[in-house]
Amino acid sequence: MLALALLLAAPTGAIGQKKGGVLRGAFNSDPPTLDPAQATDTTSSAVIRQIFDTLVELDETLKPAPALAERWTVSKDQKVYTFVLRGGVRFQHGRELRAADVKFSFERAARGKRPWVFEKIAGAREFLRGQAGEIRGVRVPEDLIVEITLDRPFAPFLFLMAYDAAAIVPREEATRRGAEFASHPVGTGAFRFGSWRRDDQVVLEAFRGHFRGAPYLDRIVFRIIPAEITRFNEYKTGNLDYTDIPTGHCRAVQRDATLKQEVAIWPILGTHAVRFNVERPPFTDRRLRQAVGHAIDPQAIVAGLLEGCVVAGKGILPPAMPGFNPGVVGLPFDRDAARRLLAEAGFPVGKGLGPISFHYNTGDLNQRIAELLQAQLKAIGITLELRRLDWAAHIKLVDGGGAGFFRQGWIADYPDPENFLTVLFHSRNIGAAGNTSRYRNPALDRLLDEADLMATGPDRFRRYAEAEQMILNDAVWVSLYHYTSRALIKPYVRGLERSPLSSAPEFLAPLRKVWLER
Amino acid sequence: MMLAELSQPVGKRLLALIPVLFGISLLVFILNAVALGDPARAMLGQRGDPELIAQIREEYALDRPLWVQYWTWMARLLQGNLGRSYHQQRPVSQVVAERFPATFKLAIAATLIAVGAGLTMGIAAAIRPASVLDHLLMGAAVIGISTPVFWLGLMLSLLFAVWLGWFPVSGYGDGALTHLVLPALTLGALHTGTIARMARSSLVEVIRQDYIQAARAKGLAELAVIGKHALKNALIPVVTVIGIGLADLLVGAPLTETVFAWPGLGRMLVAAVGQRDLPVVMGAVLVFAVIYVLGNLLVDLAYLLIDPRIRRE
């Protein structure tokens, strides 16, 4: 009897993974597309990652692991990547994968919505501008070998190969279906497309012919539930197996006798910040930016508005980012220093400054943060006028340099400091490409260029840390907090990875690893 | 006879629909043009690429003058083509058609609930004006009118789905009626109150008329007096309110659809506005406008049926 009880209580991994069952998750919006070439949002990506495979994938510790490529080599100069594909991999419609599919997929996706994933490959720019008929840096020397040559070394390149924009599609299906491929996707992934009722649900079925063997689950149902409180209610009534914790419920669920066992909070690669457009007066004056930076207390936002469920911002890089350096810190909350710098900038106690507009996109939390910032800046004599726009209008204004002081969040596409620092602060990325501060610092550009070209390791990360500190000292960006994923997961859901790249409610984790212990 | 009598006003109304739809389309187009935001940029998520933005703008003709864009859209519309969604890259007709059944079902159910409950409440209150029942019912009607749809939806969901488990929390299910109940109650509640109040006041007015007193004096049962003599005359203003209430239904639909994850046009329209997906916005607004105008046409036809004097005029 005791032995039986112990057996039942043993960790599930010791017993073995169970096969069968339906996993029920939810998204907050309908995926606009299921075509890897067209997706730009995490909802689409969450489905695409189950239907398609990439050459490599990132494990829970963010290390590249073999996927469609069983192995790869990198040339000494770090410019040529040679991928050897697994033999016998089949697409869901039956045909075997060939290296030519990889070339086709990359060239197709490069013309899609995320060309930056491929722009490091030699000849990609010419191809994108219509000056070449193919990307010459993608070669297929043999049936199962793909050789990719970069213009210059780029340490995070394998991360790009694990990104869902680089998913492999079958040429004939993608060509035959054209735009319809977005609604009838075919890949090599562990789940094949089942059905899609718009704004209601997407259903995926197990692909028994997956190269790793059939997944544990029979089916995945992604419901589309826009209101977070409704997702929460569906979870509580047992209709969802996992979901996100609604805003304002983080402490309550941790106090709830049942739900506290099901709470999962982990750091992800994102930062919520405020930025200055350094070309727009009065923020051309570094002392004024620094005064604002010193006047902001991220801890008050974290404790007061986010129930302590996120990490207060210090540097730019989130703590879960490889290369994160705790020694890099932004301006500390110090009202005396803020007042002094404000006076030095020619605005003692804010006199002569006039009201400053703070721009942010709609959302309850953003509104409350803006109001808190307004109160914090009032304490040193700066009057903030709150300007709220919906996201499309906000991003247009910010990209175009029309906002002087504004909110911006950033979630890394791949786990590398380059995806934060170079994208957001290099002078070649001014505007929509990421540098909405319109910050031009030749010393920073040099440092970032140097780091971007280096092989990954402490030396490279040291340079990024130096660059990050340089940006923070210049008060171009003030981090408020680093994002966490706040989820509820039923105890019988096993194998659901909590990677820093995976955030509730979408969960970008590979669901082929999930099984239901019930 | 009846059909011949109706064909002229119906035809007039349908003809009047053309300038109405044209005006609405122009208004929506202008509103979208003056609103900040760029569909091409909104398509690309957090990381925009200036070259790609320019390319998309060219591809979707967003770089052309506004009047050219409008004319292109209108020319396509005249050929029965609503264009393609920027965001979903599919025909708008398909995008709208997928959501229409859910919206239609919800609107019909909400209207039936509102009319059924509203009339019952109004009649019950009017029979004994100033009684406790009257005060209770009219109090409930005021609460119904003034309760925010989103909040009411959440409360109904919490009570009947989460706590009692009588109905599903959200979703369309496979079209099962149980999924429709809570969204329809939520959307219908606002309208119920308005109909109840109008039915009561109109009926109270009619009941005071001499011919009703005469009917009572003849010894007719109260139910027969109300049902046979009073109600028909009291219905005209109520029918007007039902027509006007269609607008409330359309306004309340996005919120109800959001709370109950109902895959209707309202939710889709709100999302499309956020994405600056102009073809979808225009398509959905046109459908809403047609529903509204046709709904009011039905109301006008109801006048003709209820009141023969209108037919003669």
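1. In this predicted model, chain A contains an open sheet of four strands, arranged in the order S1-S10-S9-S8, with mixed pairing. Strand S1 (22-27) and strand S8 (191-197) of chain A each have a single partner strand and stand at the edges, so one side of each has no neighbour in the sheet. On average, and with direction ignored, neighbouring strands of this sheet are turned by 20° against each other.

2. Within this sheet of chain A, strand S9 (residues 201-206) and S10(A) run antiparallel and are joined by five bridges. A:Val202 has A:Phe222, in S10(A), as its bridge partner. Helix H3 (residues 42-51) of chain A packs on the sheet and touches S1, S8, S9 and S10 of chain A. The direction of this helix makes about 140° with that of S8(A).

3. The domain assignment of chain A gives two parts: domain 1, which covers 22-192 + 490-516, and domain 2, which covers 269-483. Their C-alpha centres lie 32 Å apart. The two are in contact through twelve residues of domain 1 of chain A and 14 residues of domain 2 of chain A. On the side of domain 1 of chain A that touches domain 2 of chain A, ten residues are nonpolar, one is polar and one is charged.

4. The assignment for chain B gives domain 1 (39-81) and domain 2 (101-275). The centres of these domains of chain B, taken over C-alpha atoms, are separated by 42 Å.

5. Between the chains, 42 residues of chain A are in contact with 39 residues of chain B. On the side of chain A that touches chain B, the elements giving two or more residues are strand S10 (219-224), helix H8 (228-236), helix H14 (391-399) and strand S16 (405-411) of chain A. H14(A) gives the most to this side, with seven residues. By class, the side of chain A that touches chain B holds 20 nonpolar, ten polar and twelve charged residues.

6. In chain B, helix H10 (residues 222-259) and helix H11 (residues 265-275) pack with their axes 7 Å apart, at an angle of about 100°. H10(B) and H11(B) are therefore roughly perpendicular to each other, since angles of 65 to 115 degrees count as such. To this contact H10(B) brings B:Ala253, B:Pro254, B:Glu257 and B:Thr258, while H11(B) brings B:Gly266, B:Arg267, B:Leu269 and B:Val270. Four of the residues in the contact of H10(B) with H11(B) are nonpolar, two are polar and two are charged.

7. Some backbone details deserve a reader's attention. Most peptide bonds are trans, and most residues other than glycine have a negative phi. A cis peptide bond joins A:Pro281 and A:Pro282, with omega about 5°; A:Pro282 is found in the loop between strand S12 (263-276) and helix H10 (286-295) of chain A. The bond from A:Ala504 to A:Pro505 is also cis, with omega near 0°, and A:Pro505 is found in the loop between strand S18 (493-494) and strand S19 (515-516) of chain A.

8. Positive phi values are also present. A:Val349, in the loop between helix H12 (335-344) and strand S14 (356-361) of chain A, has phi near 50°. A:Val349 counts as exposed because it has 12 C-beta neighbours inside 10 Å. In chain B, phi of B:Ala61 is near 60°. B:Ala61 lies in the loop between helix H3 (50-59) and helix H4 (66-78) of chain B, and is exposed, with 12 other C-beta atoms within 10 Å.

Technical notes
Residues numbered from 1 in each chain as written. Chains lettered and ligands numbered in written order. Predicted model: local features only at pLDDT ≥ 70, side-chain atom pairs only at ≥ 80, totals over all residues. Axes fitted to C-alpha atoms, helices over the stretch in contact; angles between N-to-C directions. Parallel < 35°, antiparallel > 145°, perpendicular 65-115°, else oblique. Contact = placed C-beta atoms within 7 Å. Nonpolar A, V, L, I, M, F, W, Y, C, P; charged D, E, K, R; others polar. Domains from an automatic or database assignment. Pairing = 2+ DSSP bridges. Buried ≥ 20, exposed ≤ 12 C-beta atoms within 10 Å, placed from the backbone.
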